[in-house]
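Please look through the sequence and the model before reading the points below. They are written as short notes, one topic to each.

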Amino acid sequence: DKLSPKNLDKFIGESLDRPLKVAWKNVYGKELIKFINSCKVVLNLHYSELLNTESRIYEVLGSGGFCLSEPISYPELFLDGVHFKVESEEGLFREAIKYATLKTKEAETMAYEGYSHVHNRFEINKVLNQLVERIIKL
């Protein structure tokens, strides 16, 4: 079975030697930022088997959180081990525990680098200027 929100409980039970507090929240705006900032690790799981680069990654990094993700569709946007951490499905939960308990400095450094990267590279004026430049070239 593919790891997904639908079968997360099964994977947690099979993958971990110790309990892990997992929360699914439907929050937006300021509440989303508060939730992200309350987490030690935010997991980015794909809903389907297709690779994706979810907006969740931008939201987590832009809020200053640490993101542990399955492989993404555009790995050139965020550098593994610099802006966030990529892990295969099989090791995702073990790595989440390590980053939450043992590798906290490493997670904090990646969260800071991810935050800086999102705010520098995807700043709205830069993105809009790039869009205008592309349109002019058409």
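**Notes on the predicted model**

1. The second largest pocket has a lining of 13 residues, and Cys-39, Lys-40, Phe-66, Ala-107 and Glu-108 are the ones nearest its centre. On a 1 Å grid over the protein atoms alone, a pocket is an open set of points with protein on both sides within 12 Å along at least five of seven lines, where a 1.4 Å probe fits, and lining residues have an atom within 4 Å of a point. The space in this second largest pocket is about 170 Å³, a volume being the space filled by probe spheres set on the points.

2. This is a predicted model, in which local features need pLDDT of at least 70 and side-chain atom pairs count only at pLDDT 80 or more, while totals for chains, interfaces and linings use all residues. Residues are numbered from 1 along each chain as its sequence is written, and side-chain values use heavy atoms, with hydrogens and water left out.

3. Which helix gives the most to the lining of the second largest pocket? It is H5, with four residues. H2, helix H4 (92-101) and H5 each supply at least two. By type, the lining holds seven nonpolar, four polar and two charged residues; Ala, Val, Leu, Ile, Met, Phe, Trp, Tyr, Cys and Pro count as nonpolar, Asp, Glu, Lys and Arg as charged, and the others, Gly among them, as polar.

4. The protein chain has six helices and three strands, in the sequence pattern α-α-β-α-β-β-α-α-α. Helices (H or I, at least four residues) and strands (E, at least two) are DSSP runs, numbered from the N terminus.

5. The three strands form an open sheet in the order S1-S2-S3, with parallel pairing. Strands S1 (42-44) and S3 (85-86) are at the edges with a single partner strand each, so one side of each has no neighbour in the sheet. Strands pair if DSSP finds at least two bridges between them; S1 and S2 (residues 67-69) are joined by three. In one of these, Asn-44 has Ser-69 of S2 as its partner.

6. Just after H3, Gly-64 has a positive phi of about 90°.

7. Gly-114 belongs to helix H5. Is Gly-114 buried or exposed? Gly-114 is buried, at a relative accessible area of 0%. Leaving aside residues up to four places away in sequence, Gly-114 touches Leu-61, Val-82 and His-83, contact meaning heavy atoms within 4.5 Å. Gly-114 and Gly-64 are 50 residues apart in sequence, yet 7.3 Å apart in space, C-alpha to C-alpha.

Terms used. Buried < 20%, exposed > 50% of the residue type's maximum accessible area, 1.4 Å probe, protein only.
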